[in-house]
Amino acid sequence: MKICFTTNSFLKGSGIAEYLRGLCNELSKRHDIYIVTPKSDINFKTVLKAHWKIGVPVVKHFFSYKIKNLPKFDVVISNYPPISAVRTAGMISKKQRIPHVVIDYGVAQPMHFRDLRTILAHWVVKRSTKIWYGRATKVLSISKFLAREVSSKMGLKSHAIIGGIDFQRFQKPKKTGVLRKHKLKKDDYVLFVGRISPHKGIDNV
């Protein structure tokens, strides 16, 4: 199969990109994988460069990408957020008459934002998201919690697809001196990998 993924960025260190890279690496063993994105620094064999229709920050995330001369795909899979990736996949799906699958990664709730512009953008996106998710063939979520959110907030059925781990990347121990520096004893700590933000719930650990 030829599978197309649309995503806002395919950059090293991004949570969505790392989840997507692991998924694509597995799928590429049996299928032809294409990544359609405006930004990428990950070495993947088939990245198709897209361009923003509008260059205005925040606003551009509401519009689909400008793309030309795409190959014929069997399925297109969008990665939310932002809504631009979902709208682009919807456009490809309609033009090529192929299934459109959405992978929902979730966004923070409005109470975690402080500036009015971001809160307003969140409000608008949430409403347009329901429309575009409703047009998709299937909705997937990266956790059971998010799958329940899609069901309760949008009235749509979603299946949870939990991301895998490439254990070979974590088998070689490295002496960093971190435990000694912070005076931590073995097994007396929790490792968190991600952006430090209130909605991540780090304070609940």
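K183 is placed in the segment after α5 (178-181), where helices (H or I, at least four residues) and strands (E, at least two) are DSSP runs numbered from the N terminus. The model is a predicted one, in which local features need pLDDT of at least 70 and side-chain atom pairs count only at pLDDT 80 or more, while totals for chains, interfaces and linings use all residues. Residues are numbered from 1 along each chain as its sequence is written, and side-chain values use heavy atoms, with hydrogens and water left out.

Although K183 is not a glycine, its phi is positive, at about 55°, and the residue counts as exposed at 77% relative accessibility (exposed means over 50% relative accessible area, buried under 20%, partly exposed in between, with a 1.4 Å probe and protein chains only). N69, in the loop between β5 and β6, likewise has a positive phi, near 55°, and is exposed with a relative accessible area of 79%.

The loop between β6 (75-80) and α2 (83-96) holds P81 and also P82. A cis peptide bond with omega of about 10° joins Y80 and P81, and the bond from P81 to P82 is cis as well, with omega near 0°.

Turning to the rings, the arginine R135 has its charged end over the ring of W132, 4.7 Å from the ring centre, where sitting over a ring requires NZ of Lys or CZ of Arg within 6 Å of the ring centre and within 35 degrees of the ring normal. Both W52 and Y65, two further residues to look for, are buried.
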